[in-house]
Amino acid sequence: MGSGGGPSKRAPRGAACLNCRRRKMRCDGARPICGQCIRTNREIDCEYTDGPGPSPTQVLEEQIARLESRIRELEHPELVSPSVTLNPATNAAGRGQSPAGSSGTGGRSLLNRVATPDILSSAIMAAPVPVLSSDPLIEPPPDLVRNLVNAFLPHSASLSFFLHGPRFMQAMQQPNVDSRRAQLSPALLNTVYLWGAHLSTSNSLRAYESIFQVRATNALSSALRESQYSVINLIQAEVLIANYFFTMSRFLEGRYHCSAAVALALSCRLHKIRSSTDHGLGHAGTHHGEQIREYNLPPPRDAIEEGERMRGFWYVYTMDKSWAVAMGSPSHFNGAAQNGTHVDTPWPLESAQYEAGGFPPDYRNALTVFNFVNGGPAPPVVGRESQLTLRAKAATLFEKATALASEWSSSGIDRNGFYGRFVAMDGLIDRFIASLPPVDRSGSAEAALTSLVTHTLARVATIQLRSNFKNYDRMNDGKDFVAAQAAAMAIERAGITSTYVDPILAILWTAVCRVLIGPSTAGTPQRDAIRAMLDRVLAAMNRFRDTSPLMGMLHDGFVSVQGAL
């Protein structure tokens, strides 16, 4: 039966669309869109691989491979001949139609370890589309811009916005469009407008979301080929749109833009700011006559601009570490001290500290992450550790614990040696958790949300460390359950009032729910208390489903198996 309706027949083996294969749904193989994708409002995700050219997913996967090849070149210039550019030169439109699946290959994805529902609503597709040019260089009407920016700003911290707020707003308020555009790239502006439309409570503003998604992706594609805009602007835009696609459960596109942010950060050596051991300016090269872009940044104008670079790097680092675990792919920031690919950039300060002067002029640093993980000398701290510093450390532990657990197998491993590394990592996580200030709702809501993400990352690091050997007595100590309890309690302490939270919380709460709903908790005297904790986590996930389809998808997957308790 075609896609027009009526009872559908099952497609022959190998003839199902990619979306139905990925979601293990019965597909009728109808072209151009199968009946199953029509019924579940996933028309944009329906694609086949037997056409005359590559599918949008295949194009995007090829672009990701090119980006990751570029990242390897930037990390190891002495070992790898330059081969690709940062410019995703082909089929930018294909990125906008990638399905929500993941092709991570570095390990077992957290996203694949929970049942997902058949239906994921598509708010963008349902709304009538207003008239607005898809050209990102054409500025929207001033009233629309003002409303979109006002909808964006209250959530900027949860969106990993690292640019200096007052300077950003000063540039936004320039009455002359050309003056504004000289300071803020179209890519950055359109990603801010995209988020403003998505987070707005006004249906008339939300109707612009699909247009700004096209404008933002087109602007980024063009910006990577041009040089007149600040690379820090581009990194910020890539971070914002990566978070957008992760929020929308469009993981392949999220991974693409996260990788682009990493490539840009490495290309301008943001991981070597204030390095005491590195004075290189990068390298350039050609491939078949095509120039490979390098961003040799001039010295920052002042401490605030240096702060944007430092905080930008650590947001990129944290996003990469966190989503590498979620998607089962390796982190791009695993350089060893011996080959010079390690991070030397100091842990970041709060924005207000950069306004007050930032680091002393002669401050230098080396082996920032390496020393944290391996117990090396801690750098001198300029004031109290910032919230972004604590979050970056928690993301490091989350990824390192997951990587260590993945090495475990029942045979072919030195169990005593592994246990020694397990104990060392477990101790590092415990000490970090003990050093954290409590989640406190008495301050700003923004600070409470950031603290909640940090605490949850650290608790889930404990869970992940034990994820592969539940039946091995030496390491089956029940600390994963204690960590899940603590993560659930942190939600109540945070007193969340926002309508949006960082999408990585959906992944972390998934890990927490898996422990609380697992077989080790069934039939225990704490059954009612465990159910109450699980309900608390699921209620938090359900609360954010309107602004985060990822939250709704994972929430519904757990509700479907909640009876296991």
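Helix H17 covers residues 387-406 and helix H18 covers residues 415-435; their axes come within 11 Å and cross at roughly 160°. An angle over 145 degrees counts as roughly antiparallel, and H17 and H18 are therefore roughly antiparallel to each other. Which residues of H17 meet H18? On the H17 side they include Leu-390, Ala-394, Leu-397 and Leu-404, together with Lys-393 and Lys-400. On the H18 side, Phe-418, Phe-422, Met-425, Leu-428 and Phe-432 are among them, as is Arg-421.

The protein chain has 565 residues, of which 56% count as buried. Its secondary structure comes to 23 helices and two strands. Among contacts between residues at least 6 apart in sequence, 75% join residues at least 24 apart.

How confident is the prediction? The chain has a mean pLDDT of 81, and 75% of its residues reach 70 or more. Two stretches call for caution. Over residues 81-106, pLDDT stays under 50, although the model has 97 contacts beyond four places in sequence for them. Over residues 114-126, pLDDT likewise stays under 50, and there the model has 31 such contacts. Where pLDDT is low, the predicted coordinates should not be read in detail.

Helix H19, residues 445-465, and helix H20, residues 479-494, have axes that come within 8 Å and cross at roughly 170°. That angle makes H19 roughly antiparallel to H20. From H19, the residues that meet H20 are Ala-448, Leu-452, Thr-456, Arg-459, Thr-462 and Ile-463. From H20, the partners include Ala-483, Ala-484, Ala-487, Ala-490, Ile-491 and Ala-494, along with Lys-479 and Asp-480.

The axes of H12 and of helix H14, residues 303-327, come within 11 Å and cross at roughly 30°. H12 is therefore roughly parallel to H14. H12 passes H14 in a left-handed crossing. In H12, Ile-232, Ile-235, Val-239, Ala-242, Asn-243 and Phe-246 meet Arg-309, Val-316, Met-319, Trp-323 and Met-327 in H14.

In soluble globular proteins, nonpolar side chains tend to be buried together. The largest nonpolar core here has 141 residues, and those touching the most other members are Ile-235, Trp-314, Trp-323, Ile-496 and Trp-509. Which helix gives this core its largest share? That is H12, residues 231-247, with 12 residues. Apart from this core lies another, of nine residues, among them Cys-17, Cys-20, Cys-46 and Tyr-48.

Beyond its neighbours within four places in sequence, Trp-323 is in contact with Phe-246, Phe-251, Pro-503, Ile-504, Ile-507 and Leu-550.

Next, two residues in loops. Most residues other than glycine have a negative phi, and most peptide bonds are trans. Ser-160, however, has a positive phi, near 65°. Ser-160 sits in the loop between helix H6 (142-152) and helix H7 (165-172). Is Ser-160 buried or exposed? With a relative accessibility of 4%, Ser-160 counts as buried. Leu-367 also has a positive phi, of about 55°, without being a glycine. Its loop runs between helix H15 (351-355) and helix H16 (368-374). Leu-367 has a relative accessible area of 23% and is partly exposed.

Asn-190 belongs to helix H9, residues 186-199, and counts as buried at 1% relative accessibility. Setting aside neighbours within four places in sequence, Asn-190 is in contact with Pro-136, Phe-212, Arg-215 and Ala-216. Asn-190 and Thr-217 are 27 residues apart in sequence, and their C-alpha atoms are 8.7 Å apart.

Asn-334, by contrast, lies in the loop between H14 and H15 and counts as partly exposed, at 38% relative accessibility. Its contacts beyond four places in sequence are Lys-321, Glu-399 and Lys-400. Lys-400 is also one of the H17 residues that meet H18, which returns us to the pair with which I began. Thank you.

Notes:
Residues numbered from 1 in each chain as written. Predicted model: local features only at pLDDT ≥ 70, side-chain atom pairs only at ≥ 80, totals over all residues. Heavy atoms only, no water. pLDDT = per-residue confidence, 0-100. Contact = heavy atoms within 4.5 Å. Core = buried A, V, L, I, M, F, W, Y, C linked by side-chain atoms within 4.5 Å. Buried < 20%, exposed > 50% of the residue type's maximum accessible area, 1.4 Å probe, protein only. Helix = DSSP H or I, 4+ residues; strand = E, 2+ residues; numbered from the N terminus. Axes fitted to C-alpha atoms, helices over the stretch in contact; angles between N-to-C directions. Parallel < 35°, antiparallel > 145°, perpendicular 65-115°, else oblique. Left-handed = near helix turned anticlockwise from the far one by under 90°.
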